[in-house]
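Have the model open as you read, and take the points in any order you like.

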Amino acid sequence: MAGSITFCLKEKAKEFLRRLYWEPGHNIKEQNRKEGFGQGGRKAGQMKMEMKKAVKAAVMIMAVTGITAVPAMPALAEAGGSGGFPEKWEEVSVGASLKDIYTDKSMYSPGEPVTVTVEMNSHKVTGEETLRLQIRHLDTVVWEQERQLSPGSSAGHFVASLPGEDFQGYAAEAYLVGRDGVLDYRMTGIDVSSDWNRFPRYGYITKLDHRTDAEIAATLTRLKNHHINGLFYYDV
């Protein structure tokens with residue numbers, strides 16, 4: 001019994017530490033606005049106090065569960081900044097430069113190539129940035145590619161080859177990296193399954209006879225981008 005409790009504590013601790021150290025991009029300005037701190041953001045003292053509390057909590061969990069270290073997140077560690085993180089968190093605003101990320105299908109057969117598209121706000125891209133795409137299974141990077149962007153780039157397209165295991169899920173993470181570290185971040189999921197019934201995700205469509213071809217295509221694209229792999233059609 002004690003062993004199972006310790007195991008649960010360790011799993012909870014690992015998850016807490018992942019959230020604390022591995023969250024790659026928070027829109028601090030938006031969070032401040034929602035929490036009533038105004039557009040100017042939190043005061044430095046308040047930020048330091050929150051960080052101290054978080055670190056104390058992490059240390060206590062480490063002491064109780066025996067976890068002695070948290071692996072660094074490779075993408076951010078390689079990107080620069082303080083300890084792999086941006087020097088100024090408020091400058092990492094998710095969606096400011098990277099508009100969207102999506103795959104060309106809602107699910108894939110094992111061994112099938114995966115096309116990932118990252119849309120960008122072209123007026124935000126100066127040509128000094130690189131766009132990095134990492135595909136992970138849990139904490140393991142299974143595919144990675146990086147490319148230098150041209151000024152005014154509006155999209156980046158990647159074709160990835162994933163391991164051949166069936167019924168596997170992956171996270172596709174896009175990082176916009178500048179000279180000072182990570183500028184923006186987007187993520188989507190990838191489902192590699194030979195049978196949609198294993199991980200069904202339902203949606204529905206209706207009244208297609210009242211829509212134009214363009215509207216129908218837009219609806220199906222939206223469902224695909226939400227990884228819907230099972231559709232109900234209502235002909236009423």
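Is Leu138 buried or exposed? Leu138 is exposed, with a relative accessible area of 70%. Keep in mind throughout that this is a predicted model.

1. **Leu138 and its loop.** Leu138 is found in the loop between E3 and E4. Its backbone deserves a look too: phi of Leu138 is near 55°, a positive value in a residue other than glycine. For background, most residues other than glycine have a negative phi.

2. You will find His227 in the loop between H5 and strand E9 (230–234). His227 has a relative accessible area of 17%, and because buried means under 20%, His227 counts as buried.

3. **The four-stranded sheet.** Four strands make an open sheet in the order E4-E3-E6-E7, with antiparallel pairing. Its edges are strand E4 (140–148) and strand E7 (181–192), each of which pairs on one side only. From one strand to the next, the twist averages 15°. Within this sheet, strand E3 (residues 130–137) and strand E6 (residues 168–178) are joined in the antiparallel sense by seven bridges.

4. **The three-stranded sheet.** Another open sheet has three strands in the order E1-E2-E5, again with antiparallel pairing. Strand E1 (98–103) and strand E5 (155–160) stand at the edges with a single partner strand each, so one side of each has no neighbour in the sheet. On average, neighbouring strands here are turned by 15° against each other, direction ignored. Strand E2 (residues 114–120) runs antiparallel to E5, and six bridges join the two. Glu119 stands opposite Ala155 in E5.

5. **Aromatic pairs.** The model holds four aromatic pairs. One of them is Tyr175 with Tyr185: the ring centres are 5.1 Å apart and the planes lie at 55°, so this pair is tilted. The pair links distant parts of the chain, with Tyr175 in strand E6 and Tyr185 in strand E7, ten residues apart. Tyr175 is buried at a relative accessible area of 0%, and Tyr185 counts as buried at 10%. Trp196 and Tyr202 form an edge-to-face pair, 6.0 Å centre to centre with 85° between the planes. Trp196 is partly exposed, its relative accessible area being 32%. Ring pairs also bring Phe232 into a cluster with Trp196 and Tyr202.

6. **Charges over rings.** The charged end of Arg147 sits over the ring of Phe158, 4.0 Å from the ring centre. In the case of Arg198, the charged end sits over the ring of Phe167, 4.3 Å from the centre.

7. **Helix H5.** Helix H5 (residues 213–225) has 13 residues, and from its first C-alpha to its last it reaches 18 Å, close to the 18 Å expected at 1.5 Å a residue. Where do the buried residues of H5 fall when seen down its axis? Ile216, Thr219, Leu223 and Lys224 are buried in this helix. The buried residues fall within an arc of 135°, so they line one face of H5.

Key. Residues are numbered from 1 along each chain as its sequence is written. This is a predicted model: local features need pLDDT of at least 70, side-chain atom pairs count only at pLDDT 80 or more; totals for chains, interfaces and linings use all residues. Side-chain values use heavy atoms; hydrogens and water are left out. Two strands pair if DSSP finds at least two bridges between them. Axes are lines fitted to C-alpha atoms, for helices over the stretch in contact, and angles run from 0 to 180 degrees between N-to-C directions. Rings of Phe, Tyr and Trp (its six-membered ring) pair if their centres lie within 6.5 Å; planes under 30 degrees apart count as stacked, over 60 as edge-to-face and the rest as tilted. Buried means under 20% relative accessible area, exposed over 50%, partly exposed in between (1.4 Å probe, protein chains only). A charge sits over a ring if NZ of Lys or CZ of Arg is within 6 Å of the ring centre and within 35 degrees of the ring normal. The expected span of a helix is 1.5 Å times one less than its number of residues. The arc is that of the directions from the helix axis to the C-beta atoms.
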